[in-house]
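Biologist: Hi! Could you put the model up so that we can go through it together?

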Amino acid sequence: EIIRTYIVYVCSSGFRGKSKPNLVKQETTSLACALRVLFYMYDDEKRRDAWKDIQAMLIGLYEEGLSYFLSLSADNHREAWTSLVLIYLVRLLSFSDDRFPVHVARAYSLFCNFLELELKPEIRNLLQKIFKRIGTSFGITS
């Protein structure tokens with residue numbers, strides 16, 4: 001909802017007529033910045049008292065972002081969003097054993113839906129690592 005509201009707002013702000021500008025670069029750059037800031041705050045010991053709130057914001061942002069990525073049909077749009085997916089997957093893998101299960105449990109079904117897509121090798125490799133870590137984190141494999 002946050003992402004769709006943002007896109008509608010940006011696309012409708014100050015533009016007249018049927019032709020809307022292609023703002024994919026601005027969209028992905030601003031969301032990447034938001035993700036990086038939230039991940040930085042999530043790792044900052046000085047913000048320990050806000051970690052639960054930051055965690056909730058992160059979960060909401062990446063659930064919407066991954067869902068949006070899965071809904072994209074245009075290859076060039078999906079290509080632009082690939083960097084955001086990579087940021088999230090790399091950071092997810094870097095989470096501690098305490099944090100990883102909380103985040104992956106919320107994104108697991110989305111990760112399964114990724115298997116239906118033609119994915120870049122970088123995303124496939126990260127998903128493979130995530131699924132392997134899920135196996136050990138949840139006691140499915142040893």
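Biologist: Which residues touch the most other members of the largest nonpolar core?
Modeller: Leu66, Tyr88, Leu89, Phe111 and Phe114 do, in a core of 37 residues. A nonpolar core here is a set of buried Ala, Val, Leu, Ile, Met, Phe, Trp, Tyr and Cys residues joined through side-chain atoms within 4.5 Å. Buried means under 20% relative accessible area, exposed over 50% and partly exposed in between, with a 1.4 Å probe and protein chains only.

Biologist: Which helices supply at least two residues of this core?
Modeller: Helix H2 (24-43), helix H3 (51-71), H4, helix H5 (99-114) and helix H6 (121-137) each do. H3 gives the most, with 10 residues. Helices (H or I, at least four residues) and strands (E, at least two) are DSSP runs numbered from the N terminus.

Biologist: Before we go on, what kind of model is this?
Modeller: It is a predicted model, where local features need pLDDT of at least 70 and side-chain atom pairs count only at pLDDT 80 or more, while totals for chains, interfaces and linings use all residues. Residues are numbered from 1 along each chain as its sequence is written, and side-chain values use heavy atoms, with hydrogens and water left out.

Biologist: Thanks! Back to tyrosine 88: what is it in contact with, beyond neighbours within four places in sequence?
Modeller: Tyrosine 88 contacts Phe39, Tyr62, Leu66, His103, Ala107 and Phe111. Contact means heavy atoms within 4.5 Å.

Biologist: And which residues of H4 are buried?
Modeller: His77, Arg78, Trp81, Thr82, Leu84, Val85, Ile87, Tyr88, Leu89 and Leu92 are buried in H4. H4 runs from residue 75 to 94 and has 20 residues.

Biologist: Where is the kink in H4 centred?
Modeller: On tryptophan 81, and the kink is about 35°. The bend at a residue is the angle between axes fitted to the seven residues ending there and the seven starting there.

Biologist: How do the axes of H2 and H4 cross?
Modeller: They come within 9 Å and cross at roughly 5°. H2 and H4 are therefore roughly parallel to each other. Among the residues making the contact are Leu31, Leu35 and Phe39 of H2 and Leu84, Ile87 and Tyr88 of H4.

Biologist: Is threonine 28 buried or exposed?
Modeller: Threonine 28, in helix H2, is buried, with a relative accessible area of 7%. Leaving aside neighbours within four places in sequence, threonine 28 contacts Ala80, Trp81 and Leu84.

Biologist: New topic: how do the axes of H3 and H5 cross?
Modeller: The axes of H3 and H5 come within 10 Å and cross at roughly 10°, so these two helices are roughly parallel to each other. The contact includes Tyr62 and Leu66 of H3 and His103, Ala107 and Phe111 of H5.

Biologist: What does valine 104 touch, not counting residues up to four places away in sequence?
Modeller: Valine 104, which lies in helix H5, touches Leu92, Phe111, Ile130, Ile134 and Phe138. At 1% relative accessibility, valine 104 counts as buried. The C-alpha atoms of valine 104 and leucine 89 are separated by 10.0 Å, and the two residues are 15 apart along the chain.

Biologist: Last one: how many helices and strands are there?
Modeller: The chain has six helices and zero strands. Of its 142 residues, 39% are buried. Among contacts with a separation of 6 or more, 63% come from residues 24 or more positions apart.

Key. The expected span of a helix is 1.5 Å times one less than its number of residues. Axes are lines fitted to C-alpha atoms, for helices over the stretch in contact, and angles run from 0 to 180 degrees between N-to-C directions. Angles under 35 degrees count as roughly parallel, over 145 as roughly antiparallel, 65 to 115 as roughly perpendicular and the rest as oblique.
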